[in-house]
Amino acid sequence: MKIAPYIKEKRKRLGLTQTDLAEKAGVGLRFVRDLEQGKATLRLDKVNQILELFGSEVGVIRKEVADE
């Protein structure tokens with residue numbers, strides 16, 4: 001699953017607003033909005049601050065490579 005929909009789904013499941021999530025994670029509201037909208041360039045340390053609230057963290061996932 002991509003990060004943006006994961007964060008949005010978890011936030012909504014917990015009944016949190018974007019403002020609530022920003023405050024609990026110690027990041028700005030703009031950052032939460034950018035993250036949930038799938039902005040391509042975000043600071044991983046801040047992403048991890050949010051993911052930590054959900055017991056997760058950014059990690060490496062092996063990607064399938066199509067034969068050429």
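In which helix is lysine 8 found? Select lysine 8 and you will see that this residue sits in helix H1, where helices are DSSP runs of H or I with at least four residues, strands are runs of E with at least two, and both are numbered from the N terminus. Before going further, note that this is a predicted model, in which local features need pLDDT of at least 70 and side-chain atom pairs count only at pLDDT 80 or more, while totals for chains, interfaces and linings use all residues. Residues are numbered from 1 along each chain as its sequence is written, and side-chain values use heavy atoms, with hydrogens and water left out.

Now show the whole chain. The protein has 4 helices and 0 strands, giving the pattern α-α-α-α along the sequence, and its C-alpha atoms fill a box of roughly 45 × 25 × 20 Å along the principal axes. Of the 68 residues, 25% count as buried, a word that here means under 20% relative accessible area, with exposed meaning over 50% and partly exposed in between, for a 1.4 Å probe and protein chains only.

Return to lysine 8, which counts as partly exposed because its relative accessibility is 36%.

With a relative accessible area of 7%, arginine 11 is buried. Its side chain makes a polar contact with the side chain of glutamate 36 at 2.6 Å; such a contact is a pair of N or O atoms within 3.5 Å, of which, within protein, one must be able to donate a hydrogen and the other to accept it, and residues adjacent in sequence count only if both atoms are side-chain atoms. Not counting residues up to four places away in sequence, arginine 11 touches Leu16, Thr17, Gln18, Leu21, Glu36 and Phe54, where contact means heavy atoms within 4.5 Å.

From that list, move to phenylalanine 54, which is buried at a relative accessible area of 12%. The structure holds 1 aromatic pair, and tyrosine 6 and phenylalanine 54 form it edge-to-face, at 6.4 Å centre to centre and 85° between the planes. Tyrosine 6 lies in helix H1 and phenylalanine 54 in the segment after H4, so the pair ties together parts that are 48 residues apart in sequence. Rings of Phe, Tyr and Trp (its six-membered ring) pair if their centres lie within 6.5 Å, and planes under 30 degrees apart count as stacked, over 60 as edge-to-face and the rest as tilted.

Then select aspartate 34 in helix H3, residues 29-36. Aspartate 34 counts as buried at 14% relative accessibility, and, leaving aside neighbours within four places in sequence, is in contact with Lys39 and Leu42.

Finish with a pocket, an open set of points on a 1 Å grid over the protein atoms alone where a 1.4 Å probe fits, with protein on both sides within 12 Å along at least five of seven lines; lining residues have an atom within 4 Å of a point. Which residues line the second largest pocket? Select Lys2, Ile3, Ala4, Leu35, Gly38, Lys39, Ala40, Leu42, Leu44 and Val47 to display its lining. The elements that give two or more residues to this lining are helix H1 (3-13) and helix H4 (44-52).
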